[in-house]
Amino acid sequence: MQNNKNILSVKNAKKQFGGVVAINDVSITASKGNITGLIGPNGAGKTTLFNLITGLIAPNSGEFFLFDKKYSPKNIHNVVENGIARTFQNIRLFNKMSVLENVLVGRHVKTDCWSLGILSSIFKNRNLITKEAEERKLCMKILERVGLSEKKFNLSESLPYGDQRRLEIARALASEPLLLALDEPAAGMNPTEKVELKNLITQISKEGISILIIEHDVKLITSLCDIVYVMDRGKIISHGTPGVIKNDQAVINAYLGKNAND
Ligand SMILES: Nc1ncnc2c1ncn2[C@@H]1O[C@H](COP(=O)(O)OP(=O)(O)O)[C@@H](O)[C@H]1O
Ligand SMILES: [Mg+2]
């Protein structure tokens, strides 16, 4: 599904940690409606690039655009308000909260409790009660989308690994993102869970949310993505359709040769 409208552009990004240049003059574009992939060996700089895009860390240089409008990814809350949501390579859920509560937390950028007034919060007036009920209903719908509605009252820490990854996606969806950034969502999943994940990502994409995905599973990436960027040692070494990158000698040398059968 090609669409020329850029949802996200990164231009000439650079990030250095001491002497390590983790991101070296990287430019990528994610188009609206597309699933854009990012692959590369461990340490290539993929997560660092996500952290720059989503405002978790500041770049040394580079420009970032959302819908061709320049943004300053200094503050993760501004990034979320502008329509980017993400999941983490190392799952970051609120362990002692229920599945439903984790998704409710993801709604906070959309729920303006202050506008309902401090007094109404204290006295729990009808407005607030109605609003809370609406929010719960909406979050339950999201849990249904990811197949976790029956586990709504379970503690998130009690969930199997695959469910925790799906819950992270649900929490990200709760902010109603335009772009969903997934950092190795299939890591640690068994083959059945991977098929379910693939179906879920395809469904989210069909609902109109653009997707940027880091993944090690080459088969998953090449079967899901419209465009794939390949990183190695802080640089983009190739990009194109899955067919193009699979046959690019630089990619085979750096990555596919070692991981093609993962
Ligand atoms: N916070 C940090 N401090 C120092 N070095 C870091 C930090 N984060 C990442 N790096 C380094 O940057 C490089 C890229 O890491 P990362 O983005 O995690 O790679 P990938 O996600 O592709 O495996 C690695 O050499 C890593 O050790
Ligand atoms: Mg990583």
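Trainee: How many bridges join strand β1 to β2, and in which sense do the two run?

Mentor: Strands of a sheet pair through backbone hydrogen bonds, either parallel or antiparallel. In this predicted model, β1 (residues 6–17) and β2 run antiparallel and are joined by nine bridges. Within that pairing, Ser9 stands opposite Thr29 in β2. A strand here is a DSSP run of E of at least two residues, numbered from the N terminus, and two strands pair if DSSP finds at least two bridges between them.

Trainee: In what order do the strands of the open sheet stand?

Mentor: The order is β2-β1-β4-β5, four strands with antiparallel pairing. Because β2 (20–31) and β5 (69–71) stand at the edges with a single partner strand each, one side of each is left without a neighbour in the sheet. From one strand to the next the twist averages 25°, with axes fitted as lines to C-alpha atoms and angles running from 0 to 180 degrees between N-to-C directions.

Trainee: Over how many bridges do β1 and β4 pair?

Mentor: Five bridges link β1 to β4 (residues 61–66), in the antiparallel sense; Val10 stands opposite Phe64 in β4.

Trainee: Which residue takes a positive phi in the hairpin of β4 and β5?

Mentor: Phe67 does, with a phi near 50°, in a hairpin that has two residues between the strands. Three bridges join the antiparallel β4 and β5, and Phe65 has Lys70 in β5 as its bridge partner.

Trainee: What conventions apply to the numbering and to the model?

Mentor: Residues are numbered from 1 along each chain as its sequence is written, while chains are lettered from A and ligands numbered from 1 in the order in which they are written. Local features need pLDDT of at least 70, side-chain atom pairs count only at pLDDT 80 or more, and totals for chains, interfaces and linings use all residues, while side-chain values use heavy atoms, with hydrogens and water left out.
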